[in-house]
Amino acid sequence: MVPDQLILSATDLEVAAFLGLCRNTSETILPGNVRLITGQAGNSSFDLLISGPGVFNTSHALAVYLGGQAGQLPDHILQIGIAGVFESGKLDIGDIAVATREHYIHAGVASNSLKHEPLPFDLIPDTPLSRQGIYRFDQARVNACHEKLLEAVSGSHTRIAKGTFLTVSTITADLETAAWLFDAFSPVMENMEGAAAAHTAALFNIPLVEIRAASNIVGERYKSNWEIDRAVEQLGWVCRQLFSD
């Protein structure tokens, strides 16, 4: 049976506040040690994949799940998680953003700048932007989620944005490099899984919506200065809004 929602998260922690709102949850282990939690939130049923952090774990978990669905694929995928925001940007810790596209900045042919030249072949057939690790999202879905969250947040101090997310395999650990990344790509957030989910979803022709809450400033090396619990609570709030109907 296809659930109403397929949710993807890297870790238990990032969905802890969401799971606190759910009922009738149960857990199974899929091939390759992929964790699957099923349950109900509001009037919706959901499957929740806990992939593990990083691009490899994310691609693996999503491919295992989708490949085992016997042709009954979900309507879309909701990816949620924490992320870093840029000191030069307009967001702060605790703010929320919806990705308009993902950019895996390590894809391409190395050049003398942070922006790589395109690969001489498509990573996804007939998708030229994949040569640079760029994945565009369904803008109608992006806009619908963005507008719903904007309406719900009215009167609070939380900012809701949308824009480009950067996926990295190495967390940016100094503010100077973070400033270079911001100047090169004008991103909203940095994360470690989004492009992998977008790539896998595209191979299965399934739309992806990615929403993240900021836990830290990109380039802040010391995790003691991150506000992960605050970001997790914000993700719980996001899910309450999305599952309210």
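How many aromatic pairs does the structure hold?

Guide: There are three aromatic pairs here (ring centres of Phe, Tyr or Trp, with its six-membered ring, within 6.5 Å). Bear in mind that this is a predicted model, with local features needing pLDDT of at least 70 and side-chain atom pairs pLDDT 80 or more, while totals for chains, interfaces and linings use all residues. Numbering runs from 1 along each chain as its sequence is written, and side-chain values use heavy atoms, without hydrogens or water.

Take Phe18 and Phe243: their rings sit 5.4 Å apart, centre to centre, with 35° between the planes. Phe18 belongs to helix 1 (residues 16–19) and Phe243 to the segment after helix 6, so the pair ties together parts that are 225 residues apart in sequence. Helices here are DSSP runs of at least four residues, and strands of at least two.

Now step back into helix 6 (residues 228–242), which packs with helix 3 (residues 139–152) at about 105°, the axes being 10 Å apart. The two helices are therefore roughly perpendicular (65 to 115 degrees). Where do they meet? On the helix 3 side you'll find Cys145, Lys148, Leu149 and Ala152, and on the helix 6 side Trp237, Val238, Gln241 and Leu242 (contact: heavy atoms within 4.5 Å). Sorted by class, six of these contact residues are nonpolar, one is polar and one is charged.

Finally, look at the open spaces. The largest pocket has a volume of about 430 Å³, and 23 residues line this pocket, with Glu14, Ile82, Ile171, Met192 and Trp226 nearest its centre. Strand 5 (77–85), strand 9 (189–191) and strand 10 (208–217) each give two or more residues to that lining. The lining of the largest pocket splits into ten nonpolar, seven polar and six charged residues. The second largest pocket holds about 240 Å³, and its lining has eleven nonpolar, two polar and two charged residues. A pocket, by the way, is an open set of points on a 1 Å grid where a 1.4 Å probe fits, with protein on both sides within 12 Å along at least five of seven lines, and lining residues have an atom within 4 Å of a point.

Methods: Axes fitted to C-alpha atoms, helices over the stretch in contact; angles between N-to-C directions. Parallel < 35°, antiparallel > 145°, perpendicular 65-115°, else oblique. Nonpolar A, V, L, I, M, F, W, Y, C, P; charged D, E, K, R; others polar. Points joined across faces, edges and corners; volume = space filled by probe spheres on them. Phe/Tyr/Trp six-rings, centres within 6.5 Å; stacked < 30°, edge-to-face > 60°.
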